[in-house]
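Subject: Structure handover

Hi,

Here is the structure I promised to pass on. Please open it first, then read my notes below.

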Amino acid sequence: MSASLLILIPLLPLIGFLINGIGFKTIPKGAVGIIGTLAVVASFVISVMTFNDFVASGSQPLVVPLFEWITVGDLRIPFSFQIDQLSLLMLMIITGVGSLIHIYSIGYMHHDEGFGKFFAYLNLFLFFMLLLVLGSNYVIMFIGWEGVGLCSYLLIGFWNKNTNYNNTARKAFIMNRVGDLGFLLGIFTIIATFGSVEYTEVFAQASSFSLEDPVIVTICLFLFIGAMGKSAQIPLYTWLPDAMAGPTPVSALIHAATMVTAGIYMVIRSNVLYSLAPSALEIVGIIGGLTAIFAASIGLLQNDIKKVLAYSTVSQLGYMFMGLGAMAYSASMFHVITHAFFKALLFLGAGSVIHAMSDEQDIRNMGGLRKKLPITFITFLIATIAIAGIPPFAGFFSKDEILAHVFEHNKLLWVIGVIGSLMTSFYMFRLLFLTFFGNFRGTHEQEHHLHESPASMTIPLVILAVLSAVGGFIGVPEALHGSHHLAEFMSPLYDAARQANPAGFEPTTLSHSEEYLLMGVSVAVALISAVVAYVMYVQKASVPAPDSAEKSGLQRLVYNKYYVDELYDNVFVKSTKTLSNILYSFGEFFIDLFVNAAVRLTSFSAKMLRKTQTGSTGDYVFAMVLGIVAILFWKLLL
Amino acid sequence: MLTLLLILLPIAAGIITLLSGERLAKQVALIGGLASLGLAIFVWQQFDPMAGTQFGFKYAWLAASGISFAAGIDGISLLLVLLTTFLTPLIILSAFKNTYKSTATFYSLILFMESALIGVFTATDAFLFYLFFEAALIPVYFLSAVWGGENRLKVTFKFFIYTIFGSLFMLVALVYLYYQTPGTHSSEITEFYRLQLTPGVQGFIFWAFFIAFAIKMPLFPFHTWQPDTYTESPTPATMLLSGIMLKMGVYGLIRFLLPIVPSGMENWGLMAMILSVIGIIYGSIIAIQQSDMKRLIAYSSFAHVGLMAAGVFSSSLNGLQGALIQMLAHGINVIGLFFIVDIIYSRTKTRYLDQLGGISQTSPHLSVYFMILLLGSVALPLTNGFVGEFLLLSSVFQYDAILGAIAGLTIILGSVYMLRLFQKSMFGPKSKWVEGFQDLTASERAVLLPLIIMVFWIGIYPSTFLKLTEPAVSQLLQLVNN
């Protein structure tokens, strides 16, 4: 495999960014879209070639050093890339889904005055995202980690004349930085423990640590704080629903398919460390489970099409962490892949709806769109079935695999997971029915303007729909007489972890009939929810009440997202501002008193000293005599 | 000899500037600044990082007493000389767009300042260091007191007296150390390194140096002169103060405090470290609510310098290397940010965030340059701020995990106040103050472009500078650890 080709994978989007970023005023729109998209498509093609080479040459991991980045004493942080099963899978998702979303954006953003800027940012995002997964050490991962955060900030606040959007963008960046601090402290602990940040060196050394070594547990928990921020887990999740202020393709690419899965990537990448720290994994699983059900419950009552999808993303990420908690690394990766397909599709479909509805996002004002937007409808339907976990669509296989592992590991979490499935299916079908079924509830003007989106937007929808439908077949469980290609492919990633903690990797003890039962439960739950939603929103054609309507206590609580934003605002934001004001007015005043005293003392002694410079010879002689006496005194007596 | 030339060239250029008359003065000054930069780059080419102090010279000054006019360059000095000579021409050029009365005097003072700063960073004799340390104060005092804002006289007087107050402690320490040297006494700094002082004495010397340098940088709680002075001074003076002069304090810690009183460090280092870390958080939190952009950046600078000091007090290789590269990065970023504020102020006549907004709509170039400098300042990886902050925080963390975690809050707080600064000035609806706002002119870009190049150079390939200083830093640390 040629190293120079590998470098092109992140470099091409960077070049795309530079061209469009520097020339966005002069390059015509058509060219901007082509440059931006070509950069990513080419990157995708090279990723596929690299993948084939990798498999053909016996799946040997490869580290490609580029240059010396930071070297201080014994600490070497090279700028180098690592190619293995995990990075290759991520590369394919990022560039593959990325390509589709770029193509879609050509149509979606066509009328926007910031078209060039948009493509530049999108390419820059891909550059950082690719660095994140390609780096061969934690600090390169951190470059990507912070870089995607920056792009997320820029794209959430893309329409920056709007102060609200700017505020949500800022909130996203700051909340991510809370997580980043955890990540950074994790890196520092890694440096202090292993003297290196290179994956190969760290993991090789880690294998000799004993199970539950406090240092390893600490590292895992620090890193997980980073993951909570980037992957929007409790308590650092509130930025993601707000991030929907960005253009919809951004929500699809960054806030659903790729960036937010970085936390899962990080844990799988560090599987040696996590496998040595089951107690840290327990926390990961519990946080994931709580997030899954908590976010799903909020999704039940949201009326903004993108907000529903955003809470759904938070919830699905929770499932992935639940899987990680049960050491089902491959299952979580499986869900990362299928989720990338169907969630990107849902967002792009929502974008198509919003596009048709003249920027309307409230599903209470939609309805009956399936006639006017047939392609959007069919593809959205496929994605809904996929996320609800109904076989044989993609989401069924991946979610079921996670739940099976969780069942073996912790029954209570499994119950939480199943309740989450119930809610997922309900809010998704509610969304589908309210949007595409019944009668149109918008204005006449909107109705007049309704249209199916152009081909540049529907083609990506169709491709993603196909993937959402058949994507699950890369991991069919043995119980269904399939073979799990993905798990086999990823298996070498855990060789070191398997040696360090063999118990964690024992094959399932579930019998086939037990597995069928588990599958049956989750499918039944999903179907029941779908039927209930059908009865409520299609047969009875009920529409969620307007915001002004009275709500019961519980409804109000859920509708207002449990008031978590308000809580954070009061506890963190307002108190920091108050502290800032207090320190500025009182702290500074108080300290200044001492400074002023020192200044007065100095000026005063200067004045005194000046008085000694009288110019009179008599005074000087007197001073001299005094001095001599003093010296004599000192010499004789001491 | 080259060192002497480095010190004298700006003085000569300053005198020529004075004589060249009001019309030509700024061009002459710029040429003088560029000539110094050229010379510094030449020295850099000749420099061998492994060869210790180079290009030295030594003239007997007070021959009988062993005090001499001696200077030379090692890796640490060279880095700061490069910083000084790189920033000075940019500071000169940044002033072009404003008209200052008595132009010739104004620009010549900047050059005199440059000379004194180079003197501080290269002196190998302690009393010569002291001389330059005080001399540097005079040009900047006049720049601030004559060309500053409304409250300039009161504010600059306080600044002037207070820093002299601090330096007196250092003077006492230096005189004491001088009398401890054997034989006919010597004030060479390396002679001081050889002294065997009792821990009690080291404690006193530690605090004497600490106060002097802490006031200069400034560190908490010696800082209250700084926001006022930065705000009231004309921007070129603010740039000199924040971009270069505060580095005298950090440099002093590295050159004097660490190697001369190692057991003082052992006993009192933790306390100094705690003060530094308090300063990081204290400054950051205050910056969050500031409305005057200059004052906001002043507090941010105060927070940043606290982290540098904390790295030095960790007396580790990471900490010192981090502090050095951060001095370079901070100088570049802070000058860029003050320049952006100056551009905004000269166009809108206001520095208050509440009155600004929407500038990016008419000035995309300005907002891009601003964003890049801001990213450097909040330490985004691949920009200059990251390398230093990463090394510094890791050194503090290794010194004490809890202090490291507290200091680490700077990455959160920094993004809070910096993004607020950016959003309130650049984004949102256009305010009436920014009507007709012009994007960057060619000469403004000529200032910002070199800064941006350095932001990425240091961020992407810091080895250039890390390698320059590592041998000197390792040598110094050997003294500390013995």
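A salt bridge here is a side-chain nitrogen of Lys or Arg within 4 Å of a carboxyl oxygen of Asp or Glu. By that rule, 2 salt bridges cross the interface of chain B and chain A. One joins the side chains of Glu68(A) and Lys467(B), with N to O at 3.9 Å. That pair falls within the 4 Å cut-off.

Keep in mind that this is a predicted model.

**Confidence**

The predictor gives the complex an ipTM of 0.93 and a pTM of 0.93. Chain A has a mean pLDDT of 90, and 98% of its residues reach 70 or more. For chain B the mean pLDDT is 92, and 100% of its residues reach 70 or more.

Which element of chain A has the lowest mean pLDDT? That is helix H27 (residues 617-637) of chain A, at 70. Helix H11 (residues 262-269) of chain A has the highest, at 96. Where pLDDT is low, the predicted coordinates should not be read in detail.

**The interface**

How many residues of chain B are in contact with chain A? There are 62, and they meet 60 residues of chain A. Chain B and chain A bury about 5300 Å² between them. Of that area, 72% is on carbon and sulfur atoms. In chain B, the residues that lose the most area to chain A are Phe390(B), Phe397(B) and Gln423(B). Together they account for 12% of what that side buries.

Now the polar side. The rule finds 18 residue pairs in polar contact across the interface of chain B and chain A, with both residues at pLDDT 80 or more. On the side of chain B that touches chain A, helix H18 (residues 401-426) of chain B gives the largest share, 12 residues. That side of chain B divides into 40 nonpolar, 17 polar and 5 charged residues.

Over to you.

Best wishes

Methods. Residues numbered from 1 in each chain as written. Chains lettered and ligands numbered in written order. Heavy atoms only, no water. pLDDT = per-residue confidence, 0-100. Helix = DSSP H or I, 4+ residues; strand = E, 2+ residues; numbered from the N terminus. Contact = heavy atoms within 4.5 Å. Buried area = accessible area lost by both parts, 1.4 Å probe. Polar contact = N/O pair within 3.5 Å; in protein donor to acceptor, adjacent residues only side chain to side chain. Nonpolar A, V, L, I, M, F, W, Y, C, P; charged D, E, K, R; others polar.
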